[in-house]
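User: I'm new to reading protein models and would like to go through one feature by feature. Could you show me how?

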Amino acid sequence: RQVSLIRQSLFDQGFLDEQFIQLEELGDDANPNFVEEVVSLYYRDSVRLIHNLEQALEKSPLDYNKLDEYMHQFKGSSSSIGAKKVKAECTQFKEFCMAEYREGCMRTFQQVKREYTTLKKKLEAYFQV
Amino acid sequence: MESCNCIEPQWPADELLMKYQYISDFFIAVAYFSIPLELIYFVKKSSVFPYRWVLVQFGAFIVLCGATHFINLWTFYMHTRTVAVVMTLAKVLTAVVSCATALMLVHIIPDLLSVKTRELFLKNKAAELDREMGLIRTQEETGRHVRMLTHEIRSTLDRHTILKTTLIELGRTLALEECALWMPTRTGLELQLAYTLRQQNPVGYTVPIQLPVINQVFRSNHAVKISPNCPVARIRPLAGKYMPGDVVAVRVPLLHLSNFQINDWPELSTKRYALMVLMLPSDSARQWHVHELELVEVVADQVAVALSHAAILEESMRARDLLMDQNVALDLARREAETAIRARNDFLAVMNHEMRTPMHAIVALSSLLLETELTPEQRLMVETILKSSNLLATLINDVLDLSRLEDGSLQLELGTFNLHAVFKEVFNLIKPIASVKKLLVTLNIAPDLPEYAVGDEKRLMQTLLNVVGNAVKFSKEGSISITAFLAKSESLRDSRAPDFFLVPSDNHFYLHVQVKDSGLGVNPQDIPKLFTKFAQTQSLGTRNSGGSGLGLAICKRFVNLMGGHIWIESEGLGKGCTAIFIVKLGMTGHSIKSNLPLVSKMSANHVHANFTGLKVLVMEDNGVSRMVTKGLLMHLGCDVTTVSSSDECLRVVSQDHKVVFMDVCMPGISCYEVAVRIHEKFTRRHERPLIVALTSTTDKITKDNCMRAGMDGVVLKPVSLDKMRCVLSDLLEHGVLLEAI
């Protein structure tokens with residue numbers, strides 16, 4: 001019951017969307033822990049991508065195309081698992097990237113990282129239960 | 001004395017006289033004997049002698065005469081009676097023959113004489129024939145010369161060569177001393193020495209054209225003998241000591257293209273002529289013969305023809321050069337125009353995106369701002385910002401749309417939509433504004449108008465909004481009525497649309513919309529201008545209405561694109577106006593009544609389809625997405641192979657794979673290229689796996705590119721389980737994805 005409460009709160013608070021439900025549906029007798037596997041893969045992937053982004057953001061002048069590429073990847077992964085807030089921040093980042101607005105990019109990236117870490121903590125808590 | 005039977009000579013023997021007589025007789029006899037011999041000899045030699053009988057007679061006569069004289073030889077001395085008898089006999093015979101001959105000769109001598117006359121006659125005749133033959137021969141030679149000259153002249157189409165050759169050949173044929181050609185100058189008042197035979201570069205002598213001698217030559221088409229002292233002939237210093245040779249001049253007609261008729265040789269007096277002057281060598285006693293003059297005349301005519309041909313050729317070459325230049329210029333202009341169009345299109349393409357994005361940002365953020373806490377002044381300010389930016393956005397859209405419309409690059413986005421709903425929506429949009437202005441709006445939809453139609457919903461609504469909006473804008477009071485019904489041929493009684501015909505067909509119907517208002521109306525003279533861009537009638541109420549004047553122009557183009565017609569009727573200022581448009585819409589099948597995509601219909605039928613063992617290849621470079629898609633497909637029972645790069649995909653793909661899912665945003669080789677290569681690899685359709693693109697954006701360009709690369713479908717990420725199920729069943733049933741986004 002606690003599990004479902006936590007799960008429901010995640011949806012209500014807008015951290016996750018329907019895609020997550022889809023992933024859950026994919027788990028069956030053959031792969032009972034499909035969701036967890038996907039999510040762990042997501043963590044591994046994201047660490048790498050965030051690292052790339054950080055490095056790219058330290059350069060000056062900024063290579064907006066590269067940034068856009070990395071963020072596209074990150075957005076893709078996030079939308080695949082249904083990370084709603086993260087995806088929204090990624091979209092915002094991409095907008096600022098297209099507008100070549102450095103300040104906006106930096107600020108949004110921080111938000112992306114914040115949302116990501118929040119989500120990660122929440123998901124870890126969810127899976128432990 | 002014994003009596004001998006001798007006969008005494010007549011006279012006494014005189015020794016000397018006798019001797020002479022004796023000798024003469026002897027010689028006469030010899031001659032008389034030899035003459036026939038000669039005659040026989042020569043006649044035998046000659047083959048023609050008609051009178052042999054006469055000869056025989058004559059021969060006999062002579063022989064006998066000779067015999068007589070011969071026998072006479074013996075009578076000078078004492079001779080026996082035998083001799084006398086023989087003598088007498090001979091004499092008698094001679095007498096007979098000579099009489100016969102004399103008689104014969106009477107007949108023969110006239111004949112012989114006439115032979116002589118005939119001979120003389122024949123000789124004269126022969127002399128005459130000889131003369132005539134000489135004449136013919138000269139004529140023939142002249143003809144040959146003419147032919148040769150003509151050949152030389154006509155073998156070239158270069159004016160200069162023609163004339164030069166003429167002079168050279170004439171000079172050679174006729175053995176002339178000098179030959180010159182005088183051409184008329186541009187003004188036509190003078191003749192200028194253009195070509196000469198002997199002098200290499202004739203200095204520009206000119207001679208006025210109105211000289212009597214020149215007129216004389218020009219009047220006749222024969223070669224005319226002129227005096228060697230006249231100005232046209234005095235072009236060389238006198239070389240000889242005596243008389244200069246005879247000079248002949250002939251006119252050469254210069255034919256203009258305009259009066260060159262094939263059938264009648266023009267005999268106009270206003271023709272231009274050139275003058276050809278030919279001089280025989282001085283100090284020779286030569287005269288101009290008739291055949292030479294004829295030759296000259298013929299040559300002059302030929303030269304005229306050759307010159308006209310040369311002129312025609314020059315003209316056509318010039319025309320051709322002109323055309324080529326024009327072609328080049330036109331080509332350049334076309335390329336410039338194309339460049340300009342391309343530049344404009346590029347500009348539009350860039351501006352399209354660049355202008356719309358900030359506009360959307362402004363509009364979106366201002367609306368967001370309105371939802372926050374604001375003071376009334378702030379609210380007012382933000383509302384103004386929003387209104388202005390909306391206007392600006394509309395304006396930008398209009399301009400961009402219009403440009404695309406003019407380009408012809410705008411295509412209607414056809415789809416099934418609810419027709420009645422469109423009207424209701426417009427009505428709802430316009431009602432608040434109308435009620436503010438205290439205008440009554442009524443909507444009447446005919447019951448026989450189909451509920452659903454196939455067409456471009458967005459643009460139809462745009463047109464309708466524009467027309468109704470205009471009606472509201474230009475009415476200060478009164479009412480606005482919107483009527484929509486099915487158009488039939490009878491309803492087109494309007495003369496303003498004379499060239500618009502309703503083409504009845506099974507799949508289409510014509511929607512007739514009429515928006516009538518009781519507002520300001522339009523001056524009938526201004527009606528044609530209403531639909532032109534940027535033109536606004538400057539009547540009283542319109543100056544504050546705003547708008548760019550593009551609205552109706554755009555509506556007209558949309559309506560035309562929809563195969564219809566739009567026009568405005570108005571009685572005049574202050575009498576209201578009616579806007580009417582007719583558009584062609586497609587009829588939907590009766591089975592489709594809902595607006596839902598076909599996918600759900602499919603899903604109802606195939607939800608239990610089994611994909612067990614279906615071999616599928618997934619190409620995706622994002623690890624998480626790859627895993628998710630793989631999990632999705634495996635859940636549906638497929639046998640999934642995943643690859644993370646295009647190269648790997650091309651390596652791994654085989655006939656066993658029934659479907660290939662590929663992510664559109666792949667680094668390296670683009671997915672389109674991969675699709676093309678897969679097509680190349682599997683040429684037969686049943687061997688080839690079906691290719692589906694997974695994309696996160698839904699714009700038309702991506703769809704088009706996918707279709708062009710030969711893909712069988714496009715799916716929007718993220719894919720839900722149901723969607724994937726539908727996609728697979730669709731693919732397997734139809735071999736192509738009908739509707740997936």
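User: Let's start with a helix: which residues of H13(B) are buried?

Analyst: First the general idea: buried means under 20% relative accessible area, exposed means over 50%, and partly exposed is in between, with a 1.4 Å probe and protein chains only. In H13(B), the buried residues are B:Gly623, B:Val624, B:Ser625, B:Met627, B:Val628, B:Thr629, B:Gly631, B:Leu632 and B:Leu633. Keep in mind that this is a predicted model, where local features need pLDDT of at least 70, side-chain atom pairs count only at pLDDT 80 or more, and totals for chains, interfaces and linings use all residues. Residues are numbered from 1 along each chain as its sequence is written, chains are lettered from A and ligands numbered from 1 in the order in which they are written, and side-chain values use heavy atoms, with hydrogens and water left out.

User: What is pLDDT, and what does chain A average?

Analyst: pLDDT is the predictor's confidence in each residue, from 0 to 100. Where pLDDT is low, the predicted coordinates should not be read in detail. Chain A averages 86, and 100% of its residues score at least 70. Within chain A, confidence is lowest in helix H1 (residues 2-12), at a mean of 83, and highest in helix H3 (residues 34-58), at 89.

User: Back to the helix: how many residues does H13 of chain B have, and what span does it reach?

Analyst: Helices (H or I, at least four residues) and strands (E, at least two) are DSSP runs, numbered from the N terminus. The expected span of a helix is 1.5 Å times one less than its number of residues. Helix H13 (residues 623-635) of chain B has 13 residues and reaches 18 Å from first C-alpha to last, close to the 18 Å expected.

User: What sits at the ends of H13(B)?

Analyst: B:Asn622 caps the N-terminal end, with a side-chain oxygen 3.0 Å from the backbone nitrogen of B:Val624. After H13(B) comes B:Gly637, whose phi is positive, near 100°.

User: Now sheets: what is the strand order in the open sheet of chain B?

Analyst: Two strands pair if DSSP finds at least two bridges between them. This open sheet has six strands in the order S3-S2-S1-S6-S5-S4, with antiparallel pairing. Its edge strands are S3 (206-208) and S4 (224-226) of chain B, each pairing on one side only. As one example, strand S2 (residues 190-196) of chain B and S3(B) pair over three bridges, in the antiparallel sense. B:Leu191 has B:Val207 in S3(B) as its bridge partner.

User: Why does B:Arg334 count as partly exposed?

Analyst: B:Arg334 counts as partly exposed because its relative accessibility is 44%. B:Asp331, at 28%, is partly exposed too.

Definitions and conventions: A polar contact is a pair of N or O atoms within 3.5 Å; within protein, one must be able to donate a hydrogen and the other to accept it, and residues adjacent in sequence count only if both atoms are side-chain atoms.
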